[in-house]
Amino acid sequence: MAKLTKEEIISTLKEMTLLEVNDLVKAIETEFGVSAAAPVAAAAAPAAAEAPTSVNLILTDAGAQKVAVIKVYREITGVGLMEAKAAVEKCPAKVKENIKPEEAEELKKKFEAAGAKVKVEA
């Protein structure tokens, strides 16, 4: 039997109906133990879905109880009273940068308990 060229195979496929091509694909899958299904791009998905390893905590609104928020700000950052007051009054202000998401959530709860609004950014 003579070996067929790619061009001959393609020309034969052009003459076939879709049902015939479908039957051919199934026969090839069975004969060679392969699948004609497109591979799933699984390698790209986990990178996009990964949670950030470090985040920033930003004070967006001090609320009505600024004194309580200033105390929490000082406790978290360790800055002096004047620096803390200035940061709270100039919202939005970065409280902490490059911290773990778990730590950011704990600090966020402290600020919210004092009446402030904070945002966690990646």
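1. Two strands are taken to pair if DSSP finds at least two bridges between them; strands (E, at least two residues) and helices (H or I, at least four) are DSSP runs, numbered from the N terminus. In β3, Val-120 is the bridge partner of Leu-57. β1 and β3 pair in the antiparallel sense over 5 bridges.

2. The model is predicted: local features need pLDDT of at least 70, side-chain atom pairs count only at pLDDT 80 or more, and totals for chains, interfaces and linings use all residues. Residues are numbered from 1 along each chain as its sequence is written, and side-chain values use heavy atoms, with hydrogens and water left out.

3. The open sheet comprises 3 strands in the order β2-β1-β3, with antiparallel pairing. β2 and β3 are the edge strands, each pairing on one side only.

4. Helix α6 (residues 101-113) has 13 residues, which should span 18 Å at 1.5 Å a residue; its end C-alpha atoms lie 18 Å apart, in agreement. The expected span is 1.5 Å times one less than the number of residues.

5. Ala-104, Leu-107 and Phe-111 are the buried residues of α6 (under 20% relative accessible area; exposed is over 50%, partly exposed in between; 1.4 Å probe, protein chains only). Seen down the axis of α6, these buried residues fall within an arc of 70°, so they line one face of the helix; the arc is that of the directions from the helix axis to the C-beta atoms. The face turned away from the buried side carries the exposed residues Glu-102, Glu-106, Lys-109 and Ala-113.

6. The buried residues of α6 pack against β1 (55-61), α4 (66-77), β2 (93-99) and β3 (117-121), contact meaning heavy atoms within 4.5 Å.
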